[in-house]
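Here's a quick tour of one model, starting with a pair of helices and moving on to a sheet. Have a look at the structure first.

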Amino acid sequence: MAESEVQKRQIHYPPVPNGIDYLRDVVDRLARESGEPSERDLKYAVLHLQAAAEVLLKARLREEHWSLVISKAEKTNLKKFEKGEFESATNNETVRRLVDVVGLDISAGDKKTLLDLATTRNQLQHWGITEEANAVLTRAADVLDFLIRFLDRYLLPGLGAGDEEAVADDLEEIRIGLTRIESYVNSRMERLKENDLKGHEVRTVRCPDCQQLALIVDGATNNCLFCPRDWTDPLELASSYDSTFGYSPAPGDVYEDTLVDCPDCETPTLLLEAETVAGDGSVPLCFNCAEIQDGLEDCMRCGRLYRSTDEEVICSNCFADLG
């Protein structure tokens, strides 16, 4: 065959189709009809999902202005940018610019989900990790869900007709795959609620790892039945739960923190507002002694929580101090 007859091949992946192509690979790996994803599937799903997030978020920055993609715009120019000769903004800075500069609505929960994925990717790519497969799967599903919403709201409306047609089939497969992943998560949770979680509803909370309502607080193993993971250190569990799900106290609240000392076991493992499977609203639950600490009062002298027995207005420590 003459050289002139050889067809030239080019790789052509504009930013949005490129990000969607990464997402298609993620869904192909996580939503296999043949069964649960393998360890290798999970590994590459994390790597490619993070790549998709970076490409798609920065595509929206570029739509606003190309300089927003760059870490330090003063050190480059448009020609270098078009050649890819620049250092891009960090994950945290990318989200900040989308919110504070572009004005997009990205919730604190979605931001945390994105940054948690970035941390997992960095650990995996640069060193390797050991983590529960179901925790990785649900975290990936959360990021996929966010990126689909992000695409629908902030990127797809701005695509040209050619790019929109090019990604239509991939988007359809991604949406179908995401439904399969969510169905797996939901069906597994329903089985747990009907069986293993029965009788433990008032002490079953969200797991900081997989974020499912499947962690039974017993003060010892603190086992999440979805991951599954044992949180044998109540202090670590309480701290992780508080940083992941704790509310932000409003001005004037008595307590500046949502995690305080438990009056029974005297460890800083009492979550003032823990959400449980029982669904009766948030309860004060200690992750060390595994007791719901209802009926607590604020000490009029030191402000500590205590349980009043004879209508006293100060705690036993203050009584001892005054005595």
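This is a predicted model: local features need pLDDT of at least 70, side-chain atom pairs count only at pLDDT 80 or more; totals for chains, interfaces and linings use all residues.

## Two helices side by side

Helices α1 and α7 count as roughly parallel to each other, because angles under 35 degrees get that label. Their axes, α1 covering residues 15-30 and α7 residues 161-194, come within 9 Å and cross at roughly 30 degrees. The crossing is left-handed (the near helix is turned anticlockwise from the far one by less than a right angle).

On the α1 side, the contact (heavy atoms within 4.5 Å) is made by P17, I20, D21, L23, R24, V27 and L30. From α7 come residues including V167, L171, I174, L178 and I181, plus charged-type names such as D163 and E173. The contact residues divide into 10 nonpolar, 1 polar and 6 charged, with Asp, Glu, Lys and Arg counting as charged and Gly among the polar ones.

Strand β3 (residues 223-224) pairs with β4 over 2 bridges, and N223 has D230 as its bridge partner in β4.

Numbering runs from 1 along each chain as its sequence is written, and side-chain values use heavy atoms, leaving out hydrogens and water.

Mean pLDDT (the predictor's per-residue confidence, from 0 to 100) is 85 for the chain, and 92% of residues reach 70 or more. Confidence is highest in helix α4 (residues 91-102), at 95, and lowest in helix α9 (residues 316-322), at a mean of 73.

Conventions: Two strands pair if DSSP finds at least two bridges between them. Helices (H or I, at least four residues) and strands (E, at least two) are DSSP runs, numbered from the N terminus. Axes are lines fitted to C-alpha atoms, for helices over the stretch in contact, and angles run from 0 to 180 degrees between N-to-C directions. Angles under 35 degrees count as roughly parallel, over 145 as roughly antiparallel, 65 to 115 as roughly perpendicular and the rest as oblique.
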